[in-house]
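Please keep the sequence and the structure in view while reading.

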Amino acid sequence: MSSGDDHDAQRRKKKRYHRHTPRQIQELEAMFKLCPHPDEKQRMQLSRDLGLEPKQIKFWFQNRRTQMKAQHERQDNCSLRSENDKIRCENIAIREALKNIICPNCGGPPVSEDSYFDEQKLRMENARLKEELDRVSSITSKYLGRPVTQLPPIQPISISSLDLSVGGYGSAGLGPSLDLDLLCGGSAMQYPFPAPLTEIEKPVMAELATNAMDELIRLVQTDEPLWIKQGGDGREVLHLETYDRIFSKPGSQYASPDIRIEASRDSGLVVMSPVSLVDMFMDAARWMELFPTIISKARTIEVLTNGLAGSRSGSLALMYGEFQVLSPVVPTREFVFLRYCQQIEQGSWVIADVSGDFDRDHGQIGSSSSRTRRLPSGCLIQDMPNGYSKVSWVEHMEIEEKNPINSLYQDLVHSGIAFGARRWITTLQRMCERYACLMLTGANARELGGVMPTPEGKRSMMKLAQRMVNNFCSSLSPSNGHQWATLAGLNEVGVRVTVHKSEDPGQPNGVVLSAATSIWLPISCQRVFGFFKDERTRAQWDVLANGNTVQEVTHITNGSHPGNCISLLRALTPGDNSMLILQESCTDESGSIVVYAPVDLPAINVVMSGEDTSYIPLLPSGFTILPDGRPGGGSAASSSSNPMGGSSGSLLTVTFQILVSSLPTAKLNSESINTVNGLISSTVQHIKAALNCP
């Protein structure tokens with residue numbers, strides 16, 4: 001054979017391509033549906049299972065993604081051409097109709113609507129459509145390079161401030177009667193949400209969510225120098241320069257003095273299976289129930305894709321969430337974001353959140369005083385033995401505050417503790433323990449206390465207490481739909497008051513007055529919490545006890561910490577045993593709450609029998625205890641007694657709710673205002689005196 005023939009044979013040999021077997025293609029396609037971007041470990045596993053080289057696996061997935069992208073582009077182009085043809089046909093039809101229009105009075109063409117005017121309207125409409133197309137193209141260039149339809153702008157709701165002419169306690173400037181309509185903002189505020197995504201936009205959002213999940217996984221799995229420990233409590237915060245370098249993001253986006261980046265990471269074991277956690281995270285109502293002290297509002301705006309084969313894996317939803325600190329002086333943070341859930345391997349799930357650019361380009365949702373954007377955040381959930389899960393959490397937010405934070409809460413918020421990953425993890429651990437206690441069928445003698453005869457009664461009381469806590473947290477939200485007024489006189493924070501008409505079957509009917517104030521105490525959160533938990537000191541601050549000793553009738557454990565419990569209390573008032581106090585207390589590293597409400601004896605009998613408690617009226621009051629977030633430890637707050645370690649004190653919020661009148665049409669008068677002022681003022685003074693605080 002000549003040298004030329006040898007050369008041709010070598011060329012033919014080099015051009016020989018490997019054809020995958022039907023089984024290999026089927027396995028690769030199945031894997032592509034579950035995970036279009038397999039990591040090296042998954043590619044090695046496929047290589048062993050299918051008998052292919054890792055490079056062949058890598059190139060096959062690259063080619064498959066390119067094919068999918070080209071297919072989407074072809075579909076988008078066809079859809080746009082069809083839409084343009086439709087608009088063109090409509091314009092032609094309108095022109096023809098204008099030619100044949102007849103005035104009903106004279107039988108001739110209408111005088112006021114000549115053809116020139118109609119043609120000008122069509123030109124203006126075409127110009128508007130072209131402008132919209134150009135705007136959409138600029139947005140899409142950030143993602144896939146294909147046109148999408150822009151969402152309509154979101155107009156924020158403006159709420160006028162509540163004006164009460166009150167100069168201080170007992171001020172004579174307060175009129176004898178205030179119109180309730182001026183004080184009530186309605187039972188619920190309706191927020192404008194983005195319009196449903198179009199079929200063209202959904203692939204863009206899907207790729208945005210996929211990229212966010214890839215980034216989240218890397219954030220969870222990468223340690224120093226990307227994450228650094230801050231303070232004495234071991235909190236991990238993101239090192240922004242390293243983050244910009246790893247993810248190739250320009251640092252200039254953080255250059256604006258009005259924009260802050262909050263990013264933190266934490267992990268912990270929780271008493272719940274990964275599948276149960278995933279189900280709760282992907283259901284807005286159950287997600288809100290899981291974090292009652294953090295999430296004040298939640299809603300699923302639209303489900304873009306459902307999970308595969310009846311599971312949550314691959315599900316993508318557009319959601320709304322409002323997060324709060326339990327104080328009316330701290331603005332809530334609102335987000336419209338994509339939530340993407342994926343099972344990355346057996347027993348491991350990832351839930352990734354990210355805000356779409358439509359959130360920022362089209363106005364602020366609601367009436368929050370800060371502009372917020374959720375950068376790739378979420379959690380990795382891994383199955384552990386004995387029904388536990390390991391949850392690794394990342395919180396990453398871009399905050400542009402329009403108004404300064406109240407000085408009392410500046411350190412807590414700006415340190416990242418208020419909305420950080422540790423707060424989510426510790427709340428999740430506590431609530432999962434609560435759910436586990438709720439599922440237990442047995443109860444020890446101390447829990448039953450000779451009062452609760454059945455396990456059904458225990459579960460009934462736990463559900464009633466949970467509703468009480470939810471009501472209490474909602475009453476503290478600055479955006480709960482009610483207008484707040486600030487009454488000066490107690491301290492620099494003042495007393496925040498609001499009034500609303502209550503028609504909820506779970507609340508007393510009539511007019512409810514809520515009042516709250518916050519103070520700083522130079523002692524640890526744990527010591528303040530222990531003070532409110534101690535039955536022996538309750539008479540020093542509780543007006544319901546009326547100065548009498550309080551006895552615990554029933555005690556239900558809610559978790560591993562002894563402070564997490566539900567109690568039924570009775571004030572030993574001579575000749576009156578008809579009124580009891582339902583109380584729930586809970587504590588974790590992020591803070592503590594003590595919530596209580598008076599309940600009459602007939603209602604308690606309903607609870608004990610295990611019957612439906614949804615119609616038992618509750619009007620809860622209570623306390624929230626948060627770390628002040630200040631760096632360094634003061635002499636009054638040692639690290640051994642303070643759950644937040646480096647904090648030098650605590651922030652106490654005192655909240656009361658009072659039924660002013662059982663008539664919804666009643667008018668609020670100065671006596672009611674003075675009563676709640678006196679109540680909250682005397683309570684604060686008694687607390688300070690009992691804790692030896694100036």
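Two strands count as paired if DSSP finds at least two bridges between them. In strand 17, Gly591 is the bridge partner of Asp588. The model is a predicted one.

- Nine strands make up an open sheet with antiparallel pairing, in the order 11-12-13-19-18-17-16-15-14.
- Strand 11 (485–487) and strand 14 are the edge strands, and each pairs on one side only.
- On average, neighbouring strands of this sheet are turned by 20° against each other, direction ignored.
- Strand 16 (residues 579–588) and strand 17 (residues 591–600) run antiparallel and are joined by ten bridges.

**Helices packed on this sheet**
- Helix 16 packs on the sheet and touches strand 13 (510–521), strand 15 (565–571), strand 16, strand 17, strand 18 (621–627) and strand 19 (650–661).
- The direction of helix 16 makes about 160° with that of strand 18.
- Helix 18 (residues 670–690) also packs on the sheet, where it touches strand 11, strand 12 (495–502), strand 13, strand 18 and strand 19.
- The direction of helix 18 makes about 150° with that of strand 19.

**Arg536 and its loop**
- Arg536 lies in the loop between helix 16 (525–533) and strand 14 (550–557).
- With a relative accessible area of 73%, Arg536 is classed as exposed, because the cut-off for exposed is over 50%.
- Arg536 and Thr549 are 13 residues apart in sequence, and their C-alpha atoms are 7.1 Å apart in space.

- Strand 1 (residues 227–230) runs antiparallel to strand 2, and four bridges join them.
- Gln230 has Arg235 in strand 2 as its bridge partner.
- The hairpin of strand 1 and strand 2 has four residues between the strands, and Gly231 takes a positive phi near 75° there.
- Strand 2 is also joined to strand 3 (residues 259–270) by two bridges, and these strands run antiparallel.
- Opposite Glu236 stands Arg265 in strand 3.

**Side chains of strand 2**
- In a regular strand, side chains alternate between the two faces of the sheet.
- From strand 2 (residues 235–238), Arg235 and Val237 point one way, while Glu236 and Leu238 point the other way.
- Arg235, Glu236, Val237 and Leu238 are all buried, which means that each has under 20% relative accessible area.

Key. Residues are numbered from 1 along each chain as its sequence is written. This is a predicted model: local features need pLDDT of at least 70, side-chain atom pairs count only at pLDDT 80 or more; totals for chains, interfaces and linings use all residues. Side-chain values use heavy atoms; hydrogens and water are left out. Buried means under 20% relative accessible area, exposed over 50%, partly exposed in between (1.4 Å probe, protein chains only). Axes are lines fitted to C-alpha atoms, for helices over the stretch in contact, and angles run from 0 to 180 degrees between N-to-C directions. Contact means heavy atoms within 4.5 Å.
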